[in-house]
Amino acid sequence: RSSIASASASASTVRAPVGFEPSERAAKLLVSLRRFMREHVYPNEAAFEAHAASAERWTVPSMTEELKTLAQRAGLWNLWLPVDSLELMKIGGGGGGALDEGGKKLSESELSLLTGPGLTNLEYAHLASEMGASVWASEFFNCSAPDTGNMEVLLRYGTASQQTRWLAPLLRGEIRSCFAMTEPEVASSDATNIRSRVVRDGDEYVLNGRKWWTSGACDPRCEVAIFMGKTTTDEDAAKANVPKHRQQSMVLVPMRAKGVEVVRPLSVFGYDDAPHGHAETTFRDVRVRVEDAILLGEGRGFEIAQGRLGPGRLHHCMRLIGMGERALRLASRRAAERVAFGKPLAANGSTLQTLGACRVRLDGARLMTLEAARMLDAEGNKRAKGAIAACKIAAPKAALAVIDAAIQIHGGLGVCEDTPLARMFAGARTLRLADGPDEVHLETVARIEVRNAKL
């Protein structure tokens, strides 16, 4: 355990590539974040792992809330919030985020808590990588999925009342949320396949559908889902000539509404990721008020999904780089300390070849991710689409290769709960599917290449 902790603490020594260095404000936050990880996160990982394996795993450990409070006091809260978050805030109907839910002016500290430091994607990339070194860390800073993506949807597309009801408590870390899009009956990587229905009945919508991989739905703090369903049937779409990308809508659904059922938690290579969990959920005749529920407007669901998934995919890539860095540091430490056949593993040429290849893979993925972040800042989501797709392919593969090598170097220790490697492997492998499989992203990259070849 001591070697694991020390390797974790020293994993932040990797220097950023020239031209992609953190800004002055991001560098200051990075120093504070590294200190927090070293003093509070890594030493408590064993306790979180033990809780996740206990009979109480579907409850939230008290330590989680304690670390969230410490992170707020340290100014390490809502680091993910985009640079334009303050101007998008409508909480309390005051515009600019100046008022609380009761219409009172927010204090400077309260406003800072709700709007974060306002970093660019490139600035946040360095911080997300640091958080990614521990599978538990992001939540302590209110920077974990799917909440960040859902909060950005509410920030960009939510009304004042929607932001007041759902965004404010999410930003404070008082509740959690989930995203109900993927369905077991169809290939949901193509969002136009979604079969769940959103039918208008007077001033209400009636929702019906079966979803799965609804991450976060098992959490006892989960209070709201963003539900994607069809507001236009295939028959009506054919009659009215409605494009297939304008037939879906996104609506907000209270998780305690009648007809919402969390059927079961799904496991990922045996991990149920409690208390967060990945649920199969059903929605049977769930009624929600149109005014309270609809996001942006009917037929705008696909548009919202694309806006949500761009930055969200990039956040995953950033965290994966940090995950890979920690795995490489652990592997290097193990190779230096472990003796087999009379000499350290690090004296074996094959081991050195493996470690060297890991560094090359990881640095390549890091450069792609940082460039995608820069493009997202400078040119917007649409222009950065290809770069984001490329790093969404490269980052999980690089992290997986490094984690797999680290497991091999650790031997039996690498596949058990005494290191973070097994849990990291499960998470990284899943991210080759989450937010779109590799094949979809490769086609995106390829189409851009074909189009550019015609210029």
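Helices and strands here are DSSP runs, numbered from the N terminus. The model is predicted. With that numbering, asparagine 241 sits in the loop between helix 11 (234-240) and strand 5 (248-254). The phi angle of asparagine 241 is near 55°, which is a positive value in a residue other than glycine.

The bond from alanine 145 to proline 146 is cis, and its omega is near 0°. Proline 146 belongs to the loop between helix 8 and helix 9. Alanine 274 and proline 275 are also joined by a cis peptide bond, with omega about 0°. Proline 275 lies in the loop between strand 6 (260-266) and strand 7 (278-289).

The structure holds 5 aromatic pairs. One of them is formed by phenylalanine 36 and phenylalanine 141, in an edge-to-face arrangement with 5.1 Å from centre to centre and 65° between the planes.

Two packed helices are described by the angle between their axes and the distance between the axes. Helix 9 (residues 147-157) and helix 10 (residues 160-172) have axes that come within 10 Å and cross at roughly 145°. Their crossing is left-handed. On the side of helix 9, the residues in contact are Asp147, Met151, Leu154, Leu155 and Tyr157. They meet Gln162, Gln163, Trp166, Leu167, Leu170 and Leu171 of helix 10. By type, the residues of this contact divide into 8 nonpolar, 2 polar and 1 charged.

Asp147, part of the contact between helix 9 and helix 10, is also among the residues that line the largest cavity. How many cavities of 30 Å³ or more does a search of the whole structure find? The search finds 1. About 40 Å³ of space lies in the largest cavity. The lining consists of Lys68, Glu139, Asn142, Ser144, Asp147 and Arg176. What kinds of residue make up this lining? Of the lining residues, 4 are charged and 2 are polar, with no nonpolar residue.

Conventions
Residues numbered from 1 in each chain as written. Predicted model: local features only at pLDDT ≥ 70, side-chain atom pairs only at ≥ 80, totals over all residues. Heavy atoms only, no water. 1 Å grid on protein atoms, 1.4 Å probe; cavity = no way out; pocket = protein on both sides within 12 Å on 5 of 7 lines; lining within 4 Å. Points joined across faces, edges and corners; volume = space filled by probe spheres on them. Nonpolar A, V, L, I, M, F, W, Y, C, P; charged D, E, K, R; others polar. Axes fitted to C-alpha atoms, helices over the stretch in contact; angles between N-to-C directions. Helix = DSSP H or I, 4+ residues; strand = E, 2+ residues; numbered from the N terminus. Left-handed = near helix turned anticlockwise from the far one by under 90°. Contact = heavy atoms within 4.5 Å. Phe/Tyr/Trp six-rings, centres within 6.5 Å; stacked < 30°, edge-to-face > 60°.
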